[in-house]
Amino acid sequence: MTPTSSDTDTADLHPSRRTAITQADLLEAALRLIGPHRSVSSLGLREVAREAGIAPNSFYRQFRDMDELAVALIDVAGQSLRKIVGAARHRAEAERGIVRGSVEAFMEQVRADDKLLHVLLREGTVGSDAFKRAVDRELSFFEDELHADLVRFGELRNQPLAEPALAARAITRLAFAMGATALDLPPERDAELIDQLTTMVRMILVGARSLSKPAGA
């Protein structure tokens with residue numbers, strides 16, 4: 001039976017377009033379109049499809065809509081950053097400079113033209129509720145990992161923290177707020193921001209240790 005026009009993918013009419021596409025291809029296309037001053041929430045489906053070299057209808061083979069693509073980007077961004085910061089944290093631990101080492105690794109990644117990180121830093125304040133929930137979920141993953149580290153370090157050094165989960169939340173939210181600020185500042189301000197963020201994180205930790213001590217101790 002001869003296929004009708006509705007059965008024929010629009011891409012068949014455009015030899016230059018790709019006939020097969022993956023989720024990764026569409027995510028990469030979206031990343032190429034965004035930048036420091038453009039959020040993924042501002043992208044259109046047709047725009048992403050055109051960048052990926054497919055017909056708009058082919059987009060739906062991988063994602064239901066742009067919200068689902070954006071959430072997938074945020075998930076990938078979170079996984080990538082957790083690996084980077086985790087490696088830096090363990091390296092810094094061996095060098096006895098865990099706070100500053102982690103802060104420096106985080107800021108280096110902000111400046112590494114890492115669009116995945118930029119997505120994670122910016123989507124928490126713009127875009128749909130689905131975007132914001134996805135960012136909040138990624139931040140919760142960071143908080144959980146940092147919480148476990150804070151408990152472990154406290155036990156190793158016999159310096160327990162009061163409310164380590166809350167301390168982890170405060171540090172995570174502070175770091176991401178500073179990272180978002182750094183995106184709008186010149187690299188020459190990085191040393192200042194690193195010093196400030198390192199000091200603020202240490203203040204949180206010192207305060208949490210102090211609150212863990214019995215009154216009058």
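1. Let me begin in a loop. Asn158 is exposed, at a relative accessible area of 67%; exposed means over 50%, buried under 20%, and partly exposed in between, with a 1.4 Å probe and protein chains only. Asn158 sits in the loop that joins α7 (129–156) to α8 (164–183). Its phi is positive, about 55°, although the residue is not a glycine.

2. With 55% relative accessibility, Glu163 counts as exposed. As background, most residues other than glycine have a negative phi.

3. A word on provenance. This is a predicted model, where local features need pLDDT of at least 70 and side-chain atom pairs count only at pLDDT 80 or more, while totals for chains, interfaces and linings use all residues. Residues are numbered from 1 along each chain as its sequence is written, and side-chain values use heavy atoms, leaving out hydrogens and water.

4. Now the overall fold. The protein chain has 9 helices and 0 strands, where helices (H or I, at least four residues) and strands (E, at least two) are DSSP runs numbered from the N terminus.

5. Among contacts (heavy atoms within 4.5 Å) with a separation of 6 or more, 68% link residues 24 or more positions apart.

6. Finally, the surface. The accessible surface of the protein chain is about 12,000 Å², and carbon and sulfur atoms hold 53% of it; the areas come from the Shrake-Rupley method with a 1.4 Å probe, and for residues only the protein chains shown count as cover.
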